[in-house]
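Visitor: I am new to this structure. Please pick one part and take me through it closely, then show me what else stands out.

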Amino acid sequence: MQLTTIQLVSLVITLVLTIAPGIYAGRKVKSAEDYALGGRSAGIGMVAGSIIGTIVGGAATIGTAQLGFQLGLTAWWFTLGSGIGFIIMGLFYARPLRNSGLMTISEFLVVNFGKKAGPIASLSASAGIFFSIVASMLTSIHLIIGLFQVSVLTAAAIIIAIVAALVLFGGISSSGMAGIFKILLIFATVFVGGILSYNDLGGLAGIRESFPAFPWLSLFGKGLEDSLFSLFSMVIGVISTQTYVQALFSAEDSQTAAAGCVTAALIVIPVGLPSVMIGMYMHAMHPEISAIDALPFYLCSYLPEWLGGIGIAALLLSSLGSISGLALGIGTMISRDIFNDLFGMRDVKKLLWISRFSVLAVTVGAVAFVFHYLDSLVLHWNYLSMALRGAGIFLPLTFIVFFKGLVPPTAGFAAMVSGILVACLWPFVFPESANSLFPSLVVNLLFLVPGVLWSLYKNKERKI
């Protein structure tokens, strides 16, 4: 890929216009809570923007086009599954989470299961989020190397600099503003490309002539088990992710939190389709290229130069904005759950800088990790990430929401620990069935269900 002067100019202008508000937002940040939650004053647009800014990253665009290039429609599961997850989150989880007045998922679990649940929840959530950062880091590095013909180290330095500008100073406020701007750019470029590629393939009739119905035109092109794993890992993962819950905590009230979550879902669901279509088009026209280059190659080669430059900027912002938002979630848990709650630090300025430094440290760590897996499949890391988050958090959190006051702390804590252990050990014990999400959930239930039944029995005895 070779950028023309017009493409380069439009790319730079778009990046500056997107990053500048985030830097400006940093002037209002005076404490760790301002940085993490923006003063709990976010409206529907900012809540949705914070969610979109993170979920619509490299996996939702470049990674989806990569799998679309290889297998077709089954690549849609990433945005379809995450959108379904956000709808469920908005309908059932947003109000109780926002009404709690807390800052992290770990705190919510600690209130119900005791202090020992906090570090376990933070560890599980942080490990899962880290692998999502790895997925977006992969797309970012490949994109920057392909566009600018620079070394891996130079690409990494560019990523760290832009992440710092996007979120290091402004926190969730800059993440939300960048998310709103980013989705507008994607609709203006990737969606245009998806429509054009659909028409160039000859519409539905032409696609059916060019591609076999299976696997290319089936949502289950990877097989039923893998497809269901993709769906459930996304639904469970988004509900268990600090970054998305943090967007709910930042809302001005519980109704706004719910509305912002559902709004984000309705925008996220269709985002994957044009990326899939472009991936399939590039497979038909350019089967010789690397699958991960399908979407940026299309934007550079098939859109008007000025629009192609904006599209490339949108891809960069998608990948880097996702890294920023996810790293912010880990930074919040480190400052709040570890330094504030565990070590008793109360200095708001020190906590703020711990959050900022954590965002930077996580980004650098993900860069170092990616150096060893530059040729791996992007969506593989995302699905692994979602499973790790869900293994120790999803069902304990869900039982708190739906069976308030009925989950014994010992049962909840045991479910968390056992779920995480199963998620980590399952691939080694049963390497032929590496998907550890479902076994982890089953083990969760072995502790949670008896715990709730015992509480119901004890309550019934007291009434008698």
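Guide: Start with T104, in the loop between α5 (77–99) and α6 (105–113). Keep in mind that this is a predicted model. T104 counts as buried, because its relative accessibility is 0% and the buried class takes values under 20%.

What does T104 touch, leaving aside its neighbours within four places in sequence? The contacts are Q242, F249, T332, M333, R336 and D337. Pick out D337 from that list. The side chains of T104 and D337 are joined by a polar contact of 2.8 Å.

Now pick out R336, also in contact with T104. Are the two partners buried or partly exposed? E107 is buried, because its relative accessible area is 8%. R336 counts as partly exposed, at 23% relative accessibility. Side chains of opposite charge can pair when their charged atoms come close.

How many salt bridges does a search of the whole structure find? It finds two. The other pair to visit is E461 with K458. Their side chains meet in a salt bridge at 3.9 Å, N to O. E461 and K458 are three residues apart in helix α21 (residues 437–463), so about one helical turn separates them. An α-helix has 3.6 residues a turn, so residues three or four places apart point the same way. E461 is partly exposed, with 40% relative accessibility. K458 is partly exposed too, with a relative accessible area of 29%.

Next, go to helix α12 (residues 224–239). Why does its length make sense? At 1.5 Å a residue, its 16 residues should span 22 Å, and the end C-alpha atoms are 23 Å apart, so the two values agree.

Move on to T256, in helix α14 (residues 254–268). T256 counts as buried, because its relative accessibility is 8%. Set aside the neighbours within four places in sequence, and T256 is in contact with A42, G43, I44, V47 and A251.

For a contrast in setting, turn to S210. S210 sits in helix α10 (residues 203–210). At 42% relative accessibility, S210 is partly exposed. Its side chain reaches the backbone oxygen of G206 at 2.9 Å.

Last, the cysteines. How many disulfides does the structure hold? It holds zero. A disulfide is a covalent bond between the sulfur atoms of two cysteines. C300 is buried, at 13% relative accessibility. C424 is partly exposed, at 40% relative accessibility.

Come back to T104 to close. It is in contact with R336 and D337, among others.

Technical notes: Residues numbered from 1 in each chain as written. Predicted model: local features only at pLDDT ≥ 70, side-chain atom pairs only at ≥ 80, totals over all residues. Heavy atoms only, no water. Helix = DSSP H or I, 4+ residues; strand = E, 2+ residues; numbered from the N terminus. Buried < 20%, exposed > 50% of the residue type's maximum accessible area, 1.4 Å probe, protein only. Polar contact = N/O pair within 3.5 Å; in protein donor to acceptor, adjacent residues only side chain to side chain. Disulfide = S-S within 2.5 Å. Contact = heavy atoms within 4.5 Å. Expected span 1.5 Å × (residues − 1). Salt bridge = Lys/Arg side-chain N within 4 Å of Asp/Glu carboxyl O.
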